Amino acid sequence: MRCGSKQREYIVEYMRGTTAHPDAHEIYEHVREKFPNVSLGTVYRNLEYLLVNNVIRKVQAACGFDRYDYVRERHNHALCSVCGKIYDFIYPLDPAALQSAIGEDKFVINDADFLVVGVCSDCARNTRRESESKAALSRKN
């Protein structure tokens, strides 16, 4: 990556230090703490630059805004459909098996990313508690 703006360097520093998978607005709010006059457009342009230069990756969450992830070792993501939290996990993908499943004549794989959608343990626990509370209330009535 070539030398960039102080805002860009700050975004990279922030992304390197977090595993939270922030969206653009969260990144913007963080950058504004140090650079109060930065615009949202500047943050988006810097994110695009970092994407193109393979410094960060976009995690496209089906239930909300795109999230961003600093490029570390190859990993995949699990998305909680209740709270939106994204967890990293490592699971080796077999490109040959994927290519075979899709079909050689239909599509050529250049890269593979894996997003699993489910419910995290915190949300599952909260849902279970809510269900138990409702059941207890209905038994009292």
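Which residues in α1 meet which residues in α2? Gln7, Tyr10, Ile11, Tyr14 and Met15 in α1 meet Ile27, His30, Val31 and Lys34 in α2, where contact means heavy atoms within 4.5 Å. What you're looking at is a predicted model, where local features need pLDDT of at least 70, side-chain atom pairs count only at pLDDT 80 or more, and totals for chains, interfaces and linings use all residues. Residues are numbered from 1 along each chain as its sequence is written, and side-chain values use heavy atoms, with hydrogens and water left out.

**Helices**

- Helices here are DSSP runs of H or I with at least four residues, strands are runs of E with at least two, and both are numbered from the N terminus.
- Helix α1 covers residues 6-16, and its axis comes within 10 Å of the α2 axis, crossing at roughly 120°. Axes are lines fitted to C-alpha atoms, for helices over the stretch in contact, and angles run from 0 to 180 degrees between N-to-C directions.
- That makes α1 and α2 oblique to each other; angles under 35 degrees count as roughly parallel, over 145 as roughly antiparallel, 65 to 115 as roughly perpendicular and the rest as oblique.
- Helix α2 (residues 24-34) also crosses helix α3 (residues 40-52), at roughly 115° and with the axes within 10 Å, so α2 and α3 are roughly perpendicular.
- On the α2 side of that pair, Ala24, His25, Ile27 and Tyr28 meet Leu40, Val43, Tyr44 and Leu47 in α3.

**Loops with a positive phi**

- His21 sits in the loop between α1 and α2. Its phi is near 55°, a positive value in a residue other than glycine.
- His21 is buried, at 2% relative accessible area; buried means under 20%, exposed over 50% and partly exposed in between (1.4 Å probe, protein chains only).
- Asn54 belongs to the loop between α3 and β1, and it has a positive phi of about 60° although it is not a glycine.
- Asn54 is exposed, with a relative accessible area of 54%.

**Strands**

- Strands of a sheet pair through backbone hydrogen bonds, either parallel or antiparallel.
- Strand β1 (residues 56-59) runs antiparallel to β2, and four bridges join them; two strands pair if DSSP finds at least two bridges between them.
- Val59 stands opposite Arg67 in β2.
- Strand β2 (residues 67-70) is covered on both faces, with Arg67 and Asp69 buried on one side and Tyr68 and Tyr70 buried on the other.
- Elsewhere, three strands make an open sheet with mixed pairing, in the order β4-β3-β5. Its edge strands are β4 (86-89) and β5 (115-118), each pairing on one side only, and the twist averages 25° from one strand to the next.
- Strand β3 (residues 76-80) runs parallel to β5, joined by four bridges. There, His77 has Leu115 in β5 as its bridge partner.

**Cysteines**

- How many disulfides are there? The structure holds zero, a disulfide being a pair of cysteine sulfur atoms within 2.5 Å.
- Cys80 has the sulfur of Cys83 as its nearest cysteine sulfur, 3.7 Å away. Cys80 counts as buried, at 2% relative accessibility.
- Cys123 has its closest cysteine sulfur in Cys120, 3.6 Å away, too far for a bond. Cys123 is buried, with a relative accessible area of 9%.
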